[in-house]
Amino acid sequence: MDVAIKIPTFSSTPTGAPATQAARTKLSARGINFYYGNFQALHGITLDIPEFRITSLIGPSGCGKSTFLRTLNRMHETIRGTRLNGEVILDGENALAMNVTMLRRRIGMVFQKPNPFPKSIFENVAYGLRVNGLASRATLADSVEKSLRRAALWEEVKDILDRSANALSGGQQQRLCIARALAVDPEVLLLDEPSSALDPIATGKIEELLFELKKSCTIVIVTHNMQQAARIADETGFFLMGKLIEFDKAPVIFTNPSKKETEDYITGRFG
Amino acid sequence: MTAEYHRPTTDLKDTLVRAALWIFPMAILALAALLVYELLGLSVEARAKFGWAFLSSKEWDPSIEDFGALPYIYGTVVTSVLALVFSLPLGLGAAIFLSELAPRGIADAITFIIQLLAAVPSVIYGLLATFLMVPLLRSTINPFLKQYLGFLPIFSGPSYGVSFLAAGLILAIMVLPLIISISREALLTVPADQREAALALGATKWEATWQVVVPYARLGITGSVFLALARALGETMAVTMVIGNTPQISESLLAPGYSIAAVIANEFGEANGLHLSALITLGLVLLGLTVLINGVARLLIAASNRGQGKAR
Amino acid sequence: MKRYFIRRTINGFMLALTGLCTLTAVSLLLVILGFLVYNGAASLSWNFLTQLPKPTGETGGGFANAIVGSAELVLLATLIGSPIGFLAGVYLSEFSGGRFAFLVRYVTDILNGVPSIVMGLFAYTLIVVPMKGFSVIAGAVALSVIFIPLAVRTTEQFLQAVPQSLREGALALGATKWKSVATVVIPAASRGILTGMMLGVARIAGETAPLLFTSANNQFWSSSFSQPVASLPAMIYKNAISPYKDLHSQAWAAGLLLLGLVLTINIAGRMILARNSK
């Protein structure tokens, strides 16, 4: 099966671990079955997320990719009536049995619509540190600056740290949310369609910074934008109706998928 | 791979906080229970002595310890119904104007003013009723009514100004903002395409409003009427200042009367023993009435919210 | 053609009629304000605000004690009622769900609809009887029982209005549930809740019926919390029904003061809320 999808390359070529080098598994899911009440939303999802890579999860609306993402940092527990079977393993440890706030420090999340707190820019980034008891007076300002730099936002906000976060544009707010998530130094960063609410330029900025981030952080991104996945992902998983149809290196998925459903989705026959 | 059911783990502090907070809603439940308990307790003397006949007896004489609630129930009901008779057409008309016919800016400003009307303390209404409305009634309106409509039993008999009519009028003014704001909200939640469908069929603006929009909102409007009724039933200060404080049942609206809330307000301070118990029993009757009517009102409004689509 | 003409006339007529209804409703407020200002301003004098009432029959005096008394009652009632109402509202909105919350909300709504005079009866049986006398405490309790359902409702309303995405954002950063509520959700809703409480304060400041046989009245300064106390609403009532013209003008002046206070708080509060929601 040969399908034609152009994979555009970034202006800045990645440095660091070459994509060909085998990466160890950072986070894995084994046999995840997930239920909203009586409705089964996920069927036996099993996959391995490699360290220091960008893994993208694609699929049509309602296929369960966001639901799956949320099981990785146990955000599903905030909703009543949900049930989870299976295993989530972080660095060899059982993620489902460990203290959930500890887990969420190690696995951070950025949401679809930017959700900055109605506080100042500084306080937004500092929040994770404060709440986890990592904020010492001496290091707080430095940590905030470091996170804002990692999120490629420092130059734009360094003079207005006391302003309300709501004063920023949509794209800036999303990068602020990324900075906020990065402040607690997570090992894994989950992003749930982070640029679907943003314009192309803002989207581009976020994709660039993800490319930089993957050197120090494992990234899992859910997106319904196939071109985005093709641009930035190292590994890609295709979800359909709550099942993981195919999981492979991104170039393989987008040029030579082995399942027909994947091919149909990639070529736009549905979704 | 093993499949296990994973319960979400909760932090100890979360459980502690939740338990500590739980005390407060429980306190509210306890408060409500205590309210009923205390009222039942202190009314037992009168209830034991008179039984259900309390509600139908017309006599109220502290000196011979004979108490009956009928004149007060009568006065409460008559003044409240009168209040609705005056305020419903006026309120509904204003609500229709504000939701359907007025331009948005003006409607918002006027609605703001109406909400302020709702915040005026009842004793202020009482002041105005006493020094403005009653003299007006006595000097102008009552004679007018007697002259042209005196043949009607509701306008018969001598008139002093303080009367069922005076109380009904001031109550009407007090519940008017309630009817306007809730009816307006009910009208605003009627989907726009209802009105548009009527207009597209050639109806005039008024016809579309009156024959399509208003019936669609009838649940919410009826709910507002019940809420207004509950409010009028329990109103004390303004009523007691202008109703005349005479426990009698009269067919004439121009005669003085009494209401449950008014007699409690006037006699409670000096009462004891059976008298006190009888007054508390009256309070219990009032509580039961208002809780019932409020309950019906909330059911209607909830049903109205469920049935409608998005607000325009 | 004739039929259409009739319909058009009715249309115009009804339009005018409903407009008239609205005009009537609005002018009522203007009439109220107008008469209060007219009668109240004429009587308002510095004496009223600074002097105590004179014995019955004598002219002069004022209602300074009623102003202070009202302040005491409202302050105490708010102190008692706002923590209970607020924390109950927090529990209902953030920490519970299902049947218990439904029951508490239902009961709170019922309490909201209880006539204020019945609340006065309640405070009488609860406080006045054991204490064998009228007091500030009894009046404050009566007012607080009216205040609590208002506080619960406004707290819940504004907490519910905080978008779920903010809660999730805090939890995803590793905050525990109670921390996320305390440091993100409540601050986000704080402006609305405070304003709602303000409006509640305005409401209880104007209540008369529950005070009639709890805090009653007092011709002098209130000496302690276990003594009866004068209050603006009670004083207005007592003076208005007295036969003395002197006292009538004091009632007008006090009425103007009370209404001015209540309306100012309401206007300020509602304007803050309107801006909050933009």
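This is a tutorial dialogue about reading a predicted model, feature by feature.

Trainee: Let's start with the sheet in chain A. What is the order of the strands in the open sheet?

Mentor: Happy to begin there. In a regular strand, the side chains alternate between the two faces of the sheet. Here, 4 strands of chain A form an open sheet in the order S2-S1-S4-S5, and the pairing is antiparallel.

Trainee: Which strands stand at the edges?

Mentor: Those are S2 (39–50) and S5 (93–94) of chain A; each has a single partner strand, so one side of each is left without a neighbour in the sheet.

Trainee: How many bridges join S1(A) to S2(A), and how many join S1(A) to S4(A)?

Mentor: Strand S1 (residues 25–36) of chain A is joined to S2(A) by 8 bridges, and 8 bridges also join S1(A) to S4(A). To find your way on screen, look for A:Ile32 opposite A:Ile45 in S2(A), then for A:Phe34 opposite A:Leu84 in S4(A).

Trainee: And where does S5(A) come in?

Mentor: S5(A) pairs with S4(A) over 2 bridges, in the antiparallel sense. A:Leu90 has A:Glu93 in S5(A) as its bridge partner. The hairpin of these two strands has 2 residues between them, and A:Asp91 there takes a positive phi near 50 degrees.

Trainee: Let's move to helices. Is helix H3 of chain A mostly covered or mostly open?

Mentor: Mostly covered: 8 of the 11 residues in H3(A), which spans 121–131, are buried. Among them are A:Ile121, A:Tyr127 and A:Leu129.

Trainee: What do the buried residues of H3(A) pack against?

Mentor: They pack against helices H4 (137–150), H5 (154–157) and H6 (170–182) of chain A, together with helix H8 (177–205) of chain C. Just after H3(A), you will find A:Gly133 with a positive phi of about 70 degrees.

Trainee: Now the nonpolar core. Which residues have the most contacts inside the largest one?

Mentor: The general idea first: in soluble globular proteins, nonpolar side chains tend to be buried together. In this model, the largest nonpolar core has 265 residues, and B:Ala166, B:Ile170 and B:Val242 have the most contacts inside it. Helix H5 (residues 164–188) of chain B gives the largest share of this core, 18 residues. The residues that B:Ala166 touches include B:Ala129, B:Met133 and B:Leu137.

Trainee: Last one: how many residues does the contact take from chain B and from chain C?

Mentor: Chain B gives 68 residues and chain C gives 66. On the side of chain B that touches chain C, helix H1 (residues 12–50) of chain B gives the most, with 17 residues. By class, that side has 48 nonpolar, 12 polar and 8 charged residues.

Methods: Residues numbered from 1 in each chain as written. Chains lettered and ligands numbered in written order. Predicted model: local features only at pLDDT ≥ 70, side-chain atom pairs only at ≥ 80, totals over all residues. Buried ≥ 20, exposed ≤ 12 C-beta atoms within 10 Å, placed from the backbone. Contact = placed C-beta atoms within 7 Å. Core = buried A, V, L, I, M, F, W, Y, C linked by C-beta atoms within 7 Å. Pairing = 2+ DSSP bridges. Nonpolar A, V, L, I, M, F, W, Y, C, P; charged D, E, K, R; others polar. Lists of a residue's contacts leave out its neighbours within four places in sequence.
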